[in-house]
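Thanks for making time this morning. I would like to walk through one model with you, beginning with the annotated spans and then turning to the places where the chains meet.

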Amino acid sequence: MHIAEGYLPPLHALAWTAVAAPFVVHGARAVVRQVREEPETRLLLGAAGAFTFVLSALKLPSVTGSSSHPTGTGLGAILFRPPVMALLGTIVLTFQALLLAHGGITTLGANAFSMAVVGPWVAYAVYALVRRIGGGLSVAVFLAAALADLATYCTTAVQLALAHSDAASGVAGALAEFLAIFAVTQIPLAVSEGLLTVLVVRLLTRVSPAELARLGVRPARQEV
Amino acid sequence: MSRFSLVNWLLVLGVVLLAAVPIVIGSDTEFAGADGVAVERIDETDYRPWFAPLFEPSAETASGLFALQAAIGGGVLGYVFGVARTRRRNARRPADPPA
């Protein structure tokens, strides 16, 4: 989902930066508040950031014959709510833009919006919804992480389609093409990300149940 | 093996299979990155990128830096689990009786 450096026209790059910036600033304040008010959750905050760091470095092959990477933003969004991930996700993207020429500075706003804003909010909404209708912790975490991953890639496809509409078929035609590149490839990877996130949450409920409960993540009794 | 560990290993197995099956059945493709495929698609139009990366590592260096990124993340995750596990173990152990 990294839009390469210079591949969004200046106006689009500027617009996406303007859209993403408030979320990231708000996220930075949320991280500071989290550390100040609940310092005992710092370890889990580190785990959430580290999880995104690992997963977005993994390029996994997909059944479509191309490869892509998970995003890892679902875990932090579930544990700490989405604003925290707006900052952590953007830090990861900045690292990749500056050191790896993966993504870019001009496209950082668009990439941050898809991975650090849309993904986490989708994760949180799906998690809250599944829990409210009585779904178990693992089911909620799986669906939240997988759909957040997929939503991130669909957002990238929309961003590219808006910037590079097809000469013959317009934005809709370009969207179909970019969705074929990003979303279809991503389906098995989204499942992988869902499984990995469930694994980490299971391990955390085992080693760190008090902190998870404080963050409002409680497994049903039979799941412990 | 407890049910807890069994489920965890099945989750790991699922992830490994999802990565391995494409390699086995689609071994004639290059598994080009989706990001790169999108770039190729845009290059076919008359669009030309207007900004180049400030620093671009060679392919070899880039794979090392990706490995570094994964290692940093993995290291921090491992540290967190280690600390949390030790803390929990110490909390469970009854205090030593006074001598």
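Let me start with residues 43-63 of chain A, where the end C-alpha atoms lie 36 Å apart and the span is 62% helix and 10% strand. Please keep in mind throughout that this is a predicted model. The span comes from the UniProt record, an unreviewed entry, which lists residues 43-63, 84-105, 111-130, 137-158 and 178-204 of chain A under "transmembrane region". For residues 84-105 of chain A, the chain is 73% helix and 0% strand, with 21 Å between the end C-alpha atoms. In chain B, UniProt, again in an unreviewed entry, places a "transmembrane region" at residues 64-84, and there the chain is 100% helix and 0% strand, its end C-alpha atoms being 30 Å apart.

The strand content brings me to the sheet. Three strands form an open sheet of mixed pairing, in the order β1(A)-β2(A)-β1(B), and the edge strands, each pairing on one side only, are β1 of chain A and β1 of chain B. Within chain A, β1(A) and β2(A) pair in the antiparallel sense over two bridges, and Leu60(A) stands opposite Ser68(A) in β2(A). Between the chains, β2(A) is joined by two bridges to strand β1 of chain B, residues 32-33, and this pair runs parallel; here Ser67(A) stands opposite Gly33(B).

Now to the interface as a whole. The contact draws 62 residues from chain A and 52 residues from chain B, and the area buried between the two chains is about 5,100 Å², with carbon and sulfur atoms giving 73% of that area. Of the area that chain A buries against chain B, 13% is supplied by Tyr7(A), Leu43(A) and Arg202(A), more than by any other three residues.

Which polar links cross from chain A to chain B? There are 20 residue pairs in polar contact across the interface, both residues at pLDDT 80 or more, and the count of salt bridges between the two chains is three. One of these salt bridges joins Glu177(A) to Arg41(B), with the closest N and O atoms 2.4 Å apart.

As for which elements are involved, those that give two or more residues to the side of chain A that touches chain B include α1 (10-37), α2 (42-55), α4 (82-99) and α7 (170-207), along with both strands of chain A, β1 (60-61) and β2 (66-68). The largest share of that side, 18 residues, comes from α7(A). Sorted by class, the side of chain A that touches chain B has 39 nonpolar, 16 polar and seven charged residues.

Over all chains, a search of the whole structure finds four salt bridges. Within chain A, the side chains of Arg214(A) and Glu40(A) meet in a salt bridge at 3.2 Å, N to O. This pair links distant parts of the chain, since Arg214(A) is in helix α8 and Glu40(A) in the loop between α1 and α2, 174 residues apart.

I will finish with Ala4(A), which lies in the segment before α1 of chain A. Leaving aside residues up to four places away in sequence, Ala4(A) touches Gly103(A), Thr107(A) and Val39(B). From Ala4(A) to Leu99(A), the separation is 95 residues in sequence and 13 Å in space, taken from C-alpha to C-alpha.

Conventions: Residues numbered from 1 in each chain as written. Chains lettered and ligands numbered in written order. Predicted model: local features only at pLDDT ≥ 70, side-chain atom pairs only at ≥ 80, totals over all residues. Heavy atoms only, no water. Contact = heavy atoms within 4.5 Å. Buried area = accessible area lost by both parts, 1.4 Å probe. Polar contact = N/O pair within 3.5 Å; in protein donor to acceptor, adjacent residues only side chain to side chain. Helix = DSSP H or I, 4+ residues; strand = E, 2+ residues; numbered from the N terminus. Nonpolar A, V, L, I, M, F, W, Y, C, P; charged D, E, K, R; others polar. Pairing = 2+ DSSP bridges. UniProt positions renumbered as here; feature names shortened; annotations may be inferred.
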